[in-house]
Amino acid sequence: MRTQVLIIGGGPSGLLLSQLLEKQGIDTVVLERKTRDYVLGRIRAGILETGFVELMRQAGVSDRMDKECFIHDGTVIAHGDEQFRIDFTALTGTPVVVYGQTELTRDLYDAREASGGKIIFEVENVRIHDATSERPHVTYEKDGRELTIHADYIAGCDGFHGISRQSIPVDVRREYEKIYPFGWLGILSETPPVHHELIYSSSDRGFSLCSMRNENLSRYYIQCSLSDRPSDWSDQLFWDELKRRMPTEYTDRLVTGPSIEKSIAPLRSFVTEPMRWGRLFLCGDAAHIVPPTGAKGLNTAASDIHYLYHALVDMLLDGDAEGLERYSERALARVWKAERFSWWMTSLLHRFPDQSEFDIKMQAAELAFLQGNDHAQISMAQNYVGLPY
Ligand code: APR
Ligand code: PHB
């Protein structure tokens, strides 16, 4: 088989890139190691920057999102019983869109299948060959047979645990990582959200977040120890702890109910450089990970896709190689800003095991400065709604 762009990974990055390229008449094949249902079973945040929303519109996959999403003009930041609101729209002219990642991934799958997109599921042992040549190819196994796909270019959209990043020689790669000494215990409950916007809370007991998926599906998180397991936390224990960490104004409004999903996610910051090796280009979680605090994971994958999509169109339709030559430089410039913001928000709102009393005072002062300074709020709002591509 031969294609113009071979995409490894059928998550949001791979599907969005495939859909955008096909709309420009560029042939793609997506290799996905799981089933569609498995991919759609992942529970993930859906806070979308306008850049992501625009890409979904360009891809022709925004109808359901436009109908079902929430528009959030701001968010609440709470510390102890103090709280204040960051008004994204007033400060930047831009809101954020709330639309579950599972739903947008479903929309992308539906669009790919409606247009006859080639997605090969349940592949195994994917290997990239001759990435630095002019004729790269990929081998993989399916139903016990080894198959080969020749491509002009390869997009590594296979996430943090994929093979694309590992296909770049270890002496070429430079990796940067920060592991945070806590996790997020998250639950999904079929209850109305406690507030119409998100509530990020910092308390002496640790971080909490009140979020949502729709008017009767809420998503809540509390910071927890890395040694915790979901089974250590009954629903009642979770709700009681969440109430201790949020402003009392909301505890009476909180509608609790049985959890329909409960999991613990570790927090890490990670970047690999470069994001290109010959004709292999890394996108999304394959190249970088952020702690979820700033809701930047999906949105930073989107900016990678923006840069790579335009670079591939310029090259394959006009023979202009500049975008491909500068892809890694351009993508990383924005990735590092998203890493900084995610690290800043995580450092500001969480309790760290080794924190001194002075450190806690610094957090309180930073929150007080953010609460009282318009420029600080503009800076946070600009980062949260999304820096320009
Ligand atoms: N071969 C084929 N597919 C693979 C392989 C492989 N060797 N390894 C991983 N995959 C698939 C995974 O099954 C997954 O469906 O690649 C896909 C990668 O998807 P994601 O991990 O969701 O990464 P990405 O598409 O970049 O989306 C980033 O997902 O993890 C969140 O916070 C992150 O919201 C962000 C978004
Ligand atoms: C979520 O809704 O899962 C969510 C929202 C905002 C974040 C992280 C997660 O910063």
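This note comments on the domain interface and on some backbone features of a predicted model.

1. Domain layout. The domain assignment divides the protein chain into domain 1 (2–69 + 98–178 + 267–348) and domain 2 (180–266 + 352–385). Their C-alpha centres are 29 Å apart.

2. Extent of the interface. Contact between the domains involves 27 residues of domain 1 and 24 residues of domain 2. Together the two domains bury about 2100 Å², and 65% of this area is on carbon and sulfur atoms. Of the area that domain 1 buries against domain 2, I43, L267 and L348 supply 33%, more than any other three residues.

3. Polar interactions. Eight residue pairs are in polar contact between domain 1 and domain 2, whereas zero salt bridges are found across this interface.

4. The domain 1 side. Two elements, β16 and α10 (322–349), each give two or more residues to the side of domain 1 that touches domain 2. The largest share, nine residues, comes from α10. By class, the residues on this side are 13 nonpolar, seven polar and seven charged.

5. A cis peptide bond. The bond from E273 to P274 is cis, with omega near -10°. P274 belongs to the loop between β16 (259–273) and β17 (276–277).

6. Positive phi angles. N125, although not a glycine, has a positive phi of about 50°; this residue is in strand β9 (residues 124–129). N125 counts as partly exposed because its relative accessibility is 36%. D130 is likewise not a glycine and has a positive phi of about 55°. D130 lies in the loop between β9 and β10 (137–142) and is partly exposed, at a relative accessible area of 44%.

Definitions and conventions: Residues are numbered from 1 along each chain as its sequence is written. Chains are lettered from A and ligands numbered from 1 in the order in which they are written. This is a predicted model: local features need pLDDT of at least 70, side-chain atom pairs count only at pLDDT 80 or more; totals for chains, interfaces and linings use all residues. Side-chain values use heavy atoms; hydrogens and water are left out. Helices (H or I, at least four residues) and strands (E, at least two) are DSSP runs, numbered from the N terminus. Buried means under 20% relative accessible area, exposed over 50%, partly exposed in between (1.4 Å probe, protein chains only). Domain bounds come from an automatic or database domain assignment. Contact means heavy atoms within 4.5 Å. Buried area is the accessible area (1.4 Å probe) that two parts lose on being put together, summed over both. A salt bridge is a side-chain nitrogen of Lys or Arg within 4 Å of a carboxyl oxygen of Asp or Glu. A polar contact is a pair of N or O atoms within 3.5 Å; within protein, one must be able to donate a hydrogen and the other to accept it, and residues adjacent in sequence count only if both atoms are side-chain atoms. Ala, Val, Leu, Ile, Met, Phe, Trp, Tyr, Cys and Pro count as nonpolar, Asp, Glu, Lys and Arg as charged, and the others, Gly among them, as polar.
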